[in-house]
Amino acid sequence: QQSQGSAEGAITSTNNNTSCIKMINNKKLLVLHGKKENYFTFHHIFAPNTSQKELYNNSAKKVIHEFVNDNKNALIFAYGISNSGKSYTMFGDKNNNNNGLIIQSINNILQLLSKNQNNHYISLSFFEIYNEKLFDLLDINNKIKIRETKEGYIFIENIIEKKIKCKNQVNNLLLQIQENQHIEQTKVNDQSSRSHTIIRIKLYN
C-alpha cells in the first residue's frame, strides 16, 4: 500500500499496517526492519503520485540535453522486480495519456533539433534480449548479432534503423515493438515482459 503525498510516502506492511519504507524527503528514505532503522540517500526520490512529466524533468531531461547539445553519450534505464512499474515508467500507458520516459525523451530531442535549425536527425532501433538471444523488434525474423570491431566498438550487426522526422512515427514504432515483445504471465503480472528491451537512439549530422 502506498500513501499519497507530494513530499512524503510510505509502504506499509499488510500484516500489522506499520510502515516499513518511509520517504523522509526527496533524497532520503527510511527502511524499517523490525526495530532496526536504516537510512538511504539518493540523488532524487519520487513520491507515489509523481507525474510522468515531473519524473522526466528530474531524471532524464538533463541527460537528453547533454546528448543533443554537447554530443555526449547517454543512458536511461529502469531496473526492478516484476510488476514494479518499469514498463509504465519507460513506455507510459497504451492510450498515450501519460507518456513514458522514452517518448518524452525522443520528443524533447526532436524539439531541440528543430530549435538548433541544423541538418541533424535521429534514427531509432529496437532490440530485445530474451533467453540470451537477440531479437530485432522491428522484424522478429531479422537475424541480428552482437559484433565487435578491432578498435573495440560494440555494434549490432544487421539491425534495422528507422529515420525519425516526427512524433507520430515514434508512437507507431512503439506500438509495433510492444506487439513483438516476449510476454509471459507471472504470479504478480499477467503481462510481464520477461526480457530486456533496448531502444537505441543515434544522432546523425
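1. Leaving aside its neighbours within four places in sequence, which residues is Asn107 in contact with? They are Asn99 and Lys167, where contact means heavy atoms within 4.5 Å. Asn107 has its place in helix α4 (residues 101-116). With a relative accessible area of 13%, Asn107 is buried; buried means under 20%, exposed over 50%, and partly exposed in between, using a 1.4 Å probe and protein chains only.

2. A word on the ground rules before we go on. This is a predicted model, in which local features need pLDDT of at least 70 and side-chain atom pairs count only at pLDDT 80 or more, while totals for chains, interfaces and linings use all residues. Residues are numbered from 1 along each chain as its sequence is written, and side-chain values use heavy atoms, leaving out hydrogens and water.

3. Stay with α4 and look at its partner. Helix α2 (residues 61-69) packs with α4 at an angle of about 40°, and their axes are 10 Å apart. Helices here are DSSP runs (H or I, at least four residues) and strands are runs of E (at least two), numbered from the N terminus. Axes are lines fitted to C-alpha atoms, for helices over the stretch in contact, with angles from 0 to 180 degrees between N-to-C directions. The two helices are therefore oblique to each other; under 35 degrees would be roughly parallel, over 145 roughly antiparallel, 65 to 115 roughly perpendicular, and the rest is oblique. Residues making the contact include Ile64 and Phe67 of α2, and Ile109 and Leu112 of α4.

4. Now for the rings. A search of the whole structure finds two aromatic pairs. Rings of Phe, Tyr and Trp (its six-membered ring) pair if their centres lie within 6.5 Å; planes under 30 degrees apart count as stacked, over 60 as edge-to-face and the rest as tilted. Tyr121 and Tyr204 have ring centres 5.1 Å apart and planes at 15°, so this pair is stacked. The pair links distant parts of the chain, with Tyr121 in strand β5 (residues 121-130) and Tyr204 in strand β10 (residues 196-204), 83 residues apart. Tyr121 is partly exposed at 27% relative accessibility, and Tyr204 is partly exposed at 26%.

5. Tyr153 and Phe155 also form a stacked pair, 6.4 Å centre to centre with 10° between the planes. Tyr153 is partly exposed at 48%, and Phe155 is partly exposed at 28%.

6. Finally, take another look at Tyr121: Lys163 lies over its face, 4.2 Å from the ring centre. A charge sits over a ring if NZ of Lys or CZ of Arg is within 6 Å of the ring centre and within 35 degrees of the ring normal.
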